[in-house]
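This briefing covers one protein model and its local geometry. Please have the sequence and the structure open while reading.

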Amino acid sequence: MPSASLSPLLTVTVLGSGTSQGVPMIGCKCPVCQSDDPRDKRTRSSIYLATPQAKILVDTTPDMRQQALREGLDHLDAVLFTHPHADHIMGFDDLRRFCEIQSGPLPIYGAEPTLSQLERIFFYAFNPKKLVPGYVHVLPHVITGPFELGGLEITPLPVPHGALSTLGFLFSSGGRKLLAYLSDCASVPEEIRTIVSGVEVLIIDGLRDRAHPTHLTVSGAVEAAQAIGAKRSYLTHQTHEKKHVDRLRDLPAGIEVAYDGMKFEFM
């Protein structure tokens, strides 16, 4: 008698893999922006995680509505925020539809400075006098250390991003390091490398070849990924400076380029 198929412990979808302006860029006629390869269509960086217990979004990009429609998202149990830059929060109001579907407020998680900025910008979503159907309402949770959500152990990973410290995240289950997500960082400090060492999948900021003050270069991301020793590593937050196929050709074994719609299943 055939055995029943097992449900994944965790499914991760790359909602967006592009930098702050997205690819194609407005008004740009470069080969990447004019490319017909769907992997060169890079919306702003975000991921979505699904476990048997919960559906979790990381960041609400300006492309969030488009990303949710593309992937058929219709439920969220929580949203994690990496930092309050515009390309990671300006889809926040589109959470209203999930609040409407679920008939209640949505838990959000972030560092205290990030939640403070969100409350300043989207004040109407925090502590409203009454819950109005069709509006976004959130329940903020300040991240101060590791926590559990949807059957996952989530470890915050503070990394430098210019004058700002952003949060990456390590997602584990039963001590098994499944995924490390470092979308915006200028470097990966040694203590963070130690925490995520040997992770199964690493998604890491690899903006471009040329140096940038707040993001890892491709060579910097490759060095960090190899030092961490992930089984598989993927570059995200990519600019329009190189096509997916060309970038992929230049990378060492075990390191690839993330693209919008890419999925990982952990059994």
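Where is His237 found? His237 is in the loop between strand S12 (232-236) and helix H7 (244-250); helices (H or I, at least four residues) and strands (E, at least two) are DSSP runs, numbered from the N terminus. This is a predicted model, in which local features need pLDDT of at least 70 and side-chain atom pairs count only at pLDDT 80 or more, while totals for chains, interfaces and linings use all residues. Residues are numbered from 1 along each chain as its sequence is written, and side-chain values use heavy atoms, with hydrogens and water left out.

**Backbone geometry**

- His237 is a residue other than glycine with a positive phi, near 60 degrees.
- His237 is buried, with a relative accessible area of 1%; buried means under 20% relative accessible area, exposed over 50%, and partly exposed in between (1.4 Å probe, protein chains only).
- Ser103, also not a glycine, has a positive phi of about 55 degrees.
- The loop between H3 and strand S5 (106-110) holds Ser103, which counts as exposed at 67% relative accessibility.
- Val23 and Pro24 are joined by a cis peptide bond with omega of about 5 degrees, and Pro24 lies in the loop between S1 and S2.

**Helix H1**

- In helix H1 (residues 64-71), the buried residues are Met64, Gln67 and Ala68.
- These residues are on the same side of H1 because they cover an arc of only 95 degrees around the axis, the arc being that of the directions from the helix axis to the C-beta atoms.
- Arg65 and Leu69 are exposed on the other side of H1.
- The cover over the buried residues of H1 includes strand S1 (10-16), strand S2 (46-50), strand S3 (55-58) and helix H3 (96-102).
- Gly72 follows H1 and has a positive phi, near 70 degrees.

**Nonpolar core**

- The largest nonpolar core has 29 residues; such a core is a set of buried Ala, Val, Leu, Ile, Met, Phe, Trp, Tyr and Cys residues joined through side-chain atoms within 4.5 Å.
- Ile47, Leu49, Leu80, Phe171, Leu179 and Phe264 have the most contacts inside this core.
- Phe264 is in contact (heavy atoms within 4.5 Å) with Leu10, Thr11, Val12, Val14, Val201, Ile203, Arg232 and Tyr234, leaving aside its neighbours within four places in sequence.

**Cysteines**

- The count of disulfides is 0, where a disulfide is a pair of cysteine sulfur atoms within 2.5 Å.
- Cys99 is buried at 5% relative accessibility, and Cys185 is buried with a relative accessible area of 0%.
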